[in-house]
Each structure stands twice: as structure tokens, then as C-alpha cells.
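Here are my notes on the two-chain model you sent over. Have it open while you read, and work through the points in order.

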Amino acid sequence: MTPPGLHVRNASLTFGQRALFSKLECEFPASSWTCLLGRSGSGKSSLLRMIAGLHLPDNHHLDLTTSDGEALRGRLAWMAQQDLLVPWERVLGNVMLGARWRGERSASAVARAREMLALVGLAERADAWPAALSGGQRQRVSLARTLFEDASVVLMDEPFSAVDAITRLELHELAYRLLAERTVIMVTHDPLEALRLAERILVLKGDPARLVPLAAPETPRPRALDDAEVQTRQTALVAELRETADAQ
Amino acid sequence: MRSEYLPRLLRPLLAVVILIALWQLVITVTGVPRYILPAPLAVGRALIAERALLAHHAITTVIEILGGLIGGVLLGLVTALSLARFRPLRRTLLPLLLVSQAIPLFALAPILMLWLGYGLGPKILMAMIIIYFPVASTGYDGLRQTPQGWLDLARTFGLNRRQVLFRVQLPAALPSLASGLRMAASAAPIGAVIGEWVGASRGLGFLMLNANARLQIDVMFAALVVLVVFAILLYFGVDALLRLAMPWHRDGVATEY
């Protein structure tokens with residue numbers, strides 16, 4: 001599993017009569033972790049959905065090429081803001097949901113699902129119904145389900161924004177450890193989250209929006225909250241995000 | 001468990017006892033003649049005295065109801081699944097379905113008798129027709145309202161449309177479908193009895209008409225009691241089956257979906 005890099009070209013999105021962005025181009029290097037920031041309504045989540053090939057109601061276009069020239073389909077895992085656990089499967093069934101839904105039945109899949117569940121520290125909850133879990137636990141199951149797919153490209157749309165602040169910090173460390181080496185694109189509205197996890201930071205801003213690259217800290221990840229680099233750059237990043245509103 | 005379970009059963013029983021007492025009270029106070037409203041005790045006596053006759057007719061009605069329920073649910077499910085799967089079908093069949101609901105079932109009954117005769121067939125068909133719509137419409141609604149997030153997941157998992165329909169949309173539609181099935185269970189006896197009123201030689205509806213003509217009002221009420229008891233049993237039976245089919249969907253747990 002060598003993760004491919006992604007190259008996005010001619011990304012355009014029109015919302016009604018208004019062009020949110022047009023002819024965007026950007027590169028996501030193989031095995032890199034990119035955080036995509038922007039204010040609400042900037043189109044950052046839509047851009048991610050377009051890369052994932054998911055349904056969008058608005059007029060959109062995007063050309064996507066991979067560094068190894070092969071299709072992204074089948075090598076991609078998706079993680080959303082909601083945990084998306086299905087209530088009719090127990091926790092273990094939710095971890096191996098991809099296999100269940102595709103109709104692949106094997107003992108090795110069950111063993112692997114248990115392994116993933118152990119990685120996120122929920123081995124003993126395998127037979128619980130999702131409704132019995134806390135929000136943080138549910139998002140950990142969602143992370144285990146993402147890992148189970150064993151995809152080399154992971155796209156995440158504000159994956160940790162629905163959990164409390166402390167749980168979020170714990171999930172950062174877990175996600176960083178488990179998703180290392182993959183090509184990760186993560187949409188977030190939290191500057192701190194981006195500064196802790198990202199190797200590259202892109203801000204979607206302007207009207208129509210452009211992608212503005214911002215320097216991420218050079219220190220090893222996941223960066224501590226009191227990391228001096230994180231502290232100083234947070235101010236700059238917030239200012240960068242604010243500027244969008246002033247320009248409009 | 002036991003201390004919770006007993007009052008749950010006792011409360012509806014108490015309501016029944018109070019209703020029967022009120023019934024007796026109305027008769028005692030107003031002195032209404034027994035060929036208009038028989039006393040509860042007279043109905044009870046008729047239930048025992050005519051038990052063979054009641055059972056003979058009840059079997060027919062039960063077969064009609066169950067046949068209609070199974071047929072109507074299957075047909076409704078197939079309709080809901082086809083509507084969800086095929087867009088052109090939605091455009092043509094959906095308006096037709098809605099229009100069909102404007103036809104009063106009572107008006108349809110004599111026509112069905114004319115076409116299909118006086119046997120079990122038209123009654124089962126009546127029950128099917130009355131059950132079909134709530135199952136088809138709640139089923140289709142449920143299939144249509146699958147949360148987008150699950151469809152996104154299904155897409156990134158690489159599922160084809162058939163897999164999405166049966167493995168994602170169908171289980172997601174179960175709670176909605178369940179309310180349609182409960183409605184169907186309580187509506188099924190109506191269809192069968194209407195069919196029997198219009199023309200039959202057997203069944204509880206036929207027995208009621210017959211007893212009415214002979215002024216055997218106590219037998220008529222006894223038949224009604226049997227019908228009500230069966231309708232209640234059917235409702236709770238379907239409810240129990242649905243609970244078995246959705247173990248995750250217990251009261252107080254997982255109500256968010």
C-alpha cells in the first residue's frame with residue numbers, strides 16, 4: 001500500500017448564480033497530512049466531497065489525477081463530522097461495515113475488525129449497540145471503521161468537531177498515530193487542530209475563493225498545545241481566516 | 001421487572017372493566033331495551049353458548065385478515081423498493097397511487113364481489129388493498145429519507161445500487177416501515193369485514209349481519225368482541241415481531257434514528 005499523491009485541477013463550484021471558486025488547482029503530496037481551512041460557506045467541505053466523488057447538489061467540476069495514475073476509487077476512506085454508525089449493527093459490525101455491505105464474509109475480516117477496535121481502545125465494547133456509547137467512543141469506532149478499509153487516502157470532513165474539547169485532543173493523538181504514512185486531507189474550522197496535525201495548511205478564502213498555502217510548524221507531530229510554534233502561528237492563522245470576512 | 005410488568009398489563013385490563021361497568025350502568029339507568037343494547041352479561045353468555053358458531057366464522061375471517069396482511073405487506077414492500085430504485089416508475093406510478101386513495105373502499109367492494117365471486121378471494125383482496133397503501137407509502141418514505149451520510153459511506157465503500165438499496169436504505173427504513181406495518185395490522189380487519197358485509201356466506205361480518213336481521217343482538221355483540229380481541233392480538237403480535245426484527249430500536253434507546 002503505497003499512498004498516492006493527488007493532483008486537483010479545474011475545481012469549480014457554483015452555488016446558484018454565485019461562483020464559490022473556479023479553476024482551483026492544488027497538489028496533495030503522497031503520505032502528507034494536509035489541513036484545509038476556511039470560514040463557514042467557503043466551500044471547503046464541498047471541495048473535499050468533490051475529491052471523494054460524493055454527491056453535491058450544486059454545479060461543480062473537478063479533474064483529479066493520482067501520482068501513480070491509477071483510480072482513487074477503492075483506495076479511499078471517508079470520515080465525516082457525524083460518526084455515521086448504523087444503529088442496526090453492533091460496534092464490531094460497524095467497524096467492518098464496508099465488508100458487511102459489500103457482502104464479504106470471512107473470519108479474517110472479523111479478526112481484523114477486532115484488531116482495529118483494540119487500536120482505538122474499545123475492544124471490550126465490540127458487542128455493544130452504538131446507542132450505548134458516548135460521543136467520543138462513537139467517533140473512535142468511526143476511526144476504527146476508517147482504518148478497517150485500509151485505504152491509502154483518507155479524507156476527513158471536520159471529523160472531531162462534534163466531540164468535547166478534551167476528547168478532541170485525545171482523538172488527535174490517536175488519529176495521528178493510526179493514520180501515519182497515508183495521504184490525508186482533513187477539513188477543519190479549528191486553527192489549533194490544523195496546527196497540531198498538519199504538515200501543510202491550505203486556507204480557502206476570497207470571493208471567488210483561492211487556496212492560500214500557509215506555513216505549518218516544523219516541529220514533530222502531533223504537536224503539544226504549549227508548542228511555541230503552535231502558539232505563534234495560531235495568531236497568524238486566525239488573522240488569515242479573519243481577513244476573508246474583511247475583504248467581503 | 002415483575003413489579004414493572006404487572007401494572008403495565010393491569011392498567012388496560014382495568015380500563016376494560018371500567019368500560020363494562022359503564023355499559024351496565026347505561027342500561028340500568030336508561031332502561032334501553034336489550035334488542036338495542038344487550039347487557040354485558042348477555043353478551044358474555046352468547047360468547048359461551050355460541051362458541052362453536054363464533055369459532056366457525058372467526059376462522060374464515062382470520063384467514064382473510066392474515067392472507068390480506070401477508071399479501072398487502074409483500075406487495076407494498078415490492079412497490080416501495082421499486083419506487084426507490086427506478087426513477088421513471090416514480091413519475092408514473094406515484095401519482096396513480098395517490099389517486100387510487102381517493103376511491104372509497106366501500107364503493108370498490110361490490111365490484112370486487114361481482115368480478116371475483118363470494119368466496120375468500122375478494123375479502124383477501126379487500127384487506128390487501130387497505131393494507132397496501134400505508135406499507136407502500138411509509139416504506140417508500142423511509143427508503144427515500146436515508147441520511148446522506150450513510151449514502152456517502154456506501155459510495156466510498158464502493159457499493160452498487162442494489163447493495164445500497166438492500167443493505168443501507170432498507171434497514172434505515174425499518175423504523176418508518178414499522179409504523180406502516182402497525183397501521184396495516186390495525187386496518188386489516190376492516191377490509192375483511194367490509195368484504196363480508198357486501199356479500200359472504202361465512203365470516204364474522206356475515207354472522208353480524210345475519211344476527212342483526214334475526215334481532216340476535218347479543219350474538220352480534222359477541223361477534224364484535226371476537227373481532228376486537230383478534231384485532232388487538234394481531235396488533236401486539238405484529239408489534240412483538242417488529243421489536244424482534246429491530247433489537248437495537250428499543251424504547252428509550254437509539255430513538256435518534
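**Notes on chains A and B**

1. Let's start with chain A: over residues 6–231 the chain is 32% helix and 26% strand, with the end C-alpha atoms 30 Å apart. Helices (H or I, at least four residues) and strands (E, at least two) are DSSP runs, numbered from the N terminus. UniProt, in an unreviewed entry, places "domain: ABC transporter" at residues 6–231 of chain A. UniProt positions are given in the numbering used here, feature names are shortened, and annotations may be inferred rather than shown by experiment.

2. Some housekeeping: this is a predicted model, where local features need pLDDT of at least 70, side-chain atom pairs count only at pLDDT 80 or more, and totals for chains, interfaces and linings use all residues. Residues are numbered from 1 along each chain as its sequence is written, while chains are lettered from A and ligands numbered from 1 in the order in which they are written.

3. How is chain A divided by the domain assignment? There is domain 1 (1–75 + 152–248) and domain 2 (83–150); such bounds come from an automatic or database domain assignment. The C-alpha centres of these two domains of chain A lie 26 Å apart. Their contact takes ten residues from domain 1 of chain A and nine residues from domain 2 of chain A, a contact being two residues whose C-beta atoms, placed from the backbone, lie within 7 Å. On the domain 1 side, helix 6 (residues 165–179) of chain A gives the most, with five residues. That side has nine nonpolar, one polar and no charged residues (Ala, Val, Leu, Ile, Met, Phe, Trp, Tyr, Cys and Pro count as nonpolar, Asp, Glu, Lys and Arg as charged, and the others, Gly among them, as polar).

4. Now the A–B contact: 19 residues of chain A meet 19 residues of chain B. On the chain A side, strand 5 (76–79) and helix 3 (97–102) each supply at least two residues. The chain A residues there divide into 13 nonpolar, four polar and two charged.

5. Over in chain B, an unreviewed UniProt entry puts "domain: ABC transmembrane type-1" at residues 58–238. Over residues 58–238 of chain B the chain is 87% helix and 0% strand, and the end C-alpha atoms are 19 Å apart.
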